[in-house]
Amino acid sequence: MGLQKRVLVTGAGGFIGHHLAKYLVAKGCHVRGVDIDPPRYEATAAQEFELLDLRKFDNCLVATRGVSEVYALAADMGGIGYIETNKGVITRNNTLINLHTIEAARINGIERLLYTSSACIYPGYRQSETDITPLKEEDAYPADAEDGYGWEKLYMERVCRHYTEDFGLDTRVVRFHNIFGPLGTFDGGREKSPAAICRKIALAHDGEAIEVWGDGHQTRSYCYVGDCVEGIYRLMRSEHRSPINLGQDRVISINELVDMVAALAGKRIGKRHDLSKPQGVRGRNSDNTLLREVLKWEPQVSLEQGLAVTYGWIEERLRASGRLSVRAAA
């Protein structure tokens with residue numbers, strides 16, 4: 001029997017990091033999870049879990065000790081409402097977290113580091129229409145990233161490249177496209193659109209309308225978290241070093257997403273469009289050509305399958321908290 005690979009997952013108290021820690025433990029890794037808070041909805045699967053603020057460099061040195069690989073998922077983030085109104089805070093926090101983590105990884109002799117970037121790095125001028133051309137990795141330049149959050153992500157992609165070139169730290173960069181699923185935030189202002197819509201529909205009575213941000217014609221693609229963590233693992237085991245998309249390539253409008261969740265809930269749901277609320281780019285979809293070529297794989301879980309699991313979990317959480325009325329649940 002070989003020695004267990006010892007790995008670090010930063011952001012292991014968050015949505016994707018929590019799922020990833022569980023996945024890596026199942027793969028036979030010894031996982032150290034690190035976050036400023038523990039997982040909210042269930043205990044971590046990580047063999048070690050340390051509460052550390054990674055904005056502080058000394059804590060990053062502690063976090064990266066004695067491991068061979070780092071999965072860097074720690075970030076200050078949320079849905080479009082949060083990232084549109086907290087640009088300075090997000091840029092400051094994420095710059096500190098990411099620069100300190102990669103420098104600590106270099107000092108501690110980490111063999112390989114995976115950085116989690118975002119589709120928010122893609123230029124606004126390529127996302128101005130609902131009928132969007134799927135975004136290829138090379139479309140990132142000439143740069144016009146999403147203000148605040150997107151620019152910091154794009155900058156860190158370059159940092160990863162330079163740390164590989166100058167210091168020999170082997171890096172991987174993955175660009176997430178709208179990851180969703182159970183065990184994620186679904187209220188409080190940081191939730192993404194699938195979770196927000198699931199919550200609103202679960203709380204709505206049959207025949208009622210829910211608030212939809214924007215006109216609902218804006219388009220996105222959505223990737224289930226189980227596929228996300230498998231893609232991360234496959235990328236980490238590959239020899240591909242340049243940024244790569246990870247998401248589904250099926251585009252859908254927000255209005256269609258509402259109708260899909262309503263059908264899963266068995267409810268007739270109307271829409272009240274609020275054009276004053278943040279709605280992000282008009283259209284965004286992932287081109288998965290490189291993903292299929294490099295990993296010989298692509299996400300497998302359909303949007304309907306993923307939403308069914310996600311809606312069921314959110315509905316159950318609302319019921320357990322007493323927020324779901326008998327009438328709404330009927």
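**Entry 1: Arg284**

I started with Arg284, which sits in the loop between strand 13 (270-274) and helix 9 (289-295). Helices here are DSSP runs of H or I with at least four residues, strands are E runs of at least two, and both are numbered from the N terminus. I am working on a predicted model, where local features need pLDDT of at least 70, side-chain atom pairs count only at pLDDT 80 or more, and totals for chains, interfaces and linings use all residues. Residues are numbered from 1 along each chain as its sequence is written, and side-chain values use heavy atoms, with hydrogens and water left out.

Is Arg284 buried or exposed? I found it buried, at 6% relative accessibility. (Buried means under 20% relative accessible area, exposed over 50%, partly exposed in between, with a 1.4 Å probe and protein chains only.)

I then looked up its partners.

**Entry 2: cysteines**

How many disulfides does the structure hold? I counted 0, taking a disulfide as a pair of cysteine sulfur atoms within 2.5 Å. For Cys29, the nearest cysteine sulfur belongs to Cys228, 16 Å away. Cys29 is buried at 7% relative accessibility. The sulfur of Cys228 has its closest cysteine sulfur in Cys223, but 5.8 Å is too far for a bond. Cys228 is buried too, with a relative accessible area of 0%.

**Entry 3: helix 10**

I checked the length of helix 10 (residues 303-320) next. Its 18 residues should span 26 Å at 1.5 Å a residue, and its end C-alpha atoms are 25 Å apart, which agrees; the expected span is 1.5 Å times one less than the number of residues. Its buried residues include Leu307, Trp313 and Glu315. The buried residues of helix 10 pack against several elements, among them helix 6 (193-203) and helix 8 (254-265). Just after the helix, I noted that Gly322 takes a positive phi of about 85°.

**Entry 4: the chain overall**

Of its 330 residues, 55% are buried.

Terms used
Contact = heavy atoms within 4.5 Å.
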